[in-house]
Amino acid sequence: MASLAGLVGAPFVVQNQGVLSYLYMGFLSFLVILLILHAVLVERRKLHRYAQTVFYTHFAQHLVRDSLSELQNNGKDEIRKTTEKILDAIANCFSITCGKRCRATLIEMDSNFELKVAVRDSMSQIKAKPRSKKHILDANTDFANLWYSINGCSRFYLNNNIPKSWSAHKYNNSSFEEDGQPEVVNFLGFNIIRKWPLSYRCALVLPIRYVSEFTPPTGTDILVPNWDYWGFLCIDSISTNSFDERYSSELGAMFADMLYTYLNQSRYIMDCITTPQTITRN
């Protein structure tokens, strides 16, 4: 507003028409450049795409409601199929918000702290390679950081450039033992990663759990008694810098909490079916 007011009053201050013309052209050029920069920054952050997440969150909630009702009323167990549909909604939701193809996977952890793929989204399931090696919690930076709450990773683990973290010795993955180590070439003093063996370069990992009292464990000798831990929700992409540092983790946490509620309620209803008793409606 001050600039516009200055332009309106400029003819009364500057009498030379040539100087006044250059002043106007300079101001308009500066204004256009600012508008272009603003449009680029808005598009890079992609925050407007989060408005479309309501469709996928609503659809996922419908899946949970319908599956629990079918399980309770008819004893129809389609937990795995429903979980896959929920992961499809998550993958599609993040693909839109990130502007890049994303995958969603549910990883379970057993009492021996072994990590196993429980369910994948339907597209990832088609392309998934069979795995034979055991994957242990402590051998994977993302899961270990969440379990022990390392580097502030108590609620989520977000890494937008995994190859860079690996080259800085800040990331480890047991899949390297099965798929091979990345190939690094030194060029003019710079390390360049030529062959990246993993099928993703950035990842968002969230715990599917309920914690009544947050006391991170100090080792993998025992499970924490006040933690109800189902596993992890993993969302990843082959492209780097896919996730928004502020909003992606909150969106993912909402889906992780939804999966916890669904899996926990499914277990409760199944227990009531196998051990007949009256299910109290709250």
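The entries below follow that order.

**Ground rules.** I am working with a predicted model, in which local features need pLDDT of at least 70 and side-chain atom pairs count only at pLDDT 80 or more, while totals for chains, interfaces and linings use all residues. I number residues from 1 along each chain as its sequence is written, and the side-chain values use heavy atoms, with hydrogens and water left out.

**Salt bridges.** I looked up the salt bridges, taking each as a side-chain nitrogen of Lys or Arg within 4 Å of a carboxyl oxygen of Asp or Glu, and found eight in the structure. One of them joins Arg65 to Asp66, with 3.0 Å between the closest N and O atoms. For accessibility I used relative accessible area with a 1.4 Å probe and protein chains only, where buried means under 20%, exposed over 50% and partly exposed in between. Arg65 is partly exposed at 46%, and Asp66 is partly exposed at 38%.

I then turned to Glu183, whose salt bridge with Arg194 has its closest N and O atoms 3.6 Å apart. Glu183 sits in strand β5 (residues 183-187) and Arg194 in strand β6 (residues 190-195), 11 residues apart. Glu183 also meets Lys195 in a salt bridge of 4.0 Å, N to O, and this pair again links β5 with β6, across 12 residues. Within it, Glu183 is partly exposed at 30%, whereas Arg194 is exposed at 57% and Lys195 is exposed at 52%.

**Largest pocket.** I searched a 1 Å grid over the protein atoms alone, where a pocket is an open set of points at which a 1.4 Å probe fits, with protein on both sides within 12 Å along at least five of seven lines, and where lining residues have an atom within 4 Å of a point. The largest pocket holds about 950 Å³ of space, the volume being that filled by probe spheres set on grid points joined across faces, edges and corners. Its lining has 37 residues, of which Arg103, Arg120, Arg131, Ser199 and Tyr200 are the closest to the centre.

Which element gives the most to this lining? It is β2, with five residues; the elements that each supply at least two include β1 (102-109), α6 (141-148) and β8 (227-237). I sorted the lining into 15 nonpolar, nine polar and 13 charged residues, with Ala, Val, Leu, Ile, Met, Phe, Trp, Tyr, Cys and Pro as nonpolar, Asp, Glu, Lys and Arg as charged, and the others, Gly among them, as polar.

**Aromatic pairs.** I paired rings of Phe, Tyr and Trp (its six-membered ring) if their centres lie within 6.5 Å, calling planes under 30 degrees apart stacked, over 60 edge-to-face and the rest tilted. The count comes to nine aromatic pairs. Tyr50 and Tyr247 form a tilted pair, 5.8 Å centre to centre with 50° between the planes. Tyr50 lies in the loop between α2 (17-45) and α3 (53-74) and Tyr247 in the loop between β8 and α9 (248-274), so the pair ties together parts 197 residues apart in sequence. Tyr50 is buried at 14%, while Tyr247 is partly exposed at 32%.

Phe113 and Trp147 form an edge-to-face pair, 5.6 Å centre to centre with 75° between the planes. Phe113 is in the loop between β1 and β2 and Trp147 in helix α6, 34 residues apart, and both are buried.

Definitions and conventions. Helices (H or I, at least four residues) and strands (E, at least two) are DSSP runs, numbered from the N terminus.
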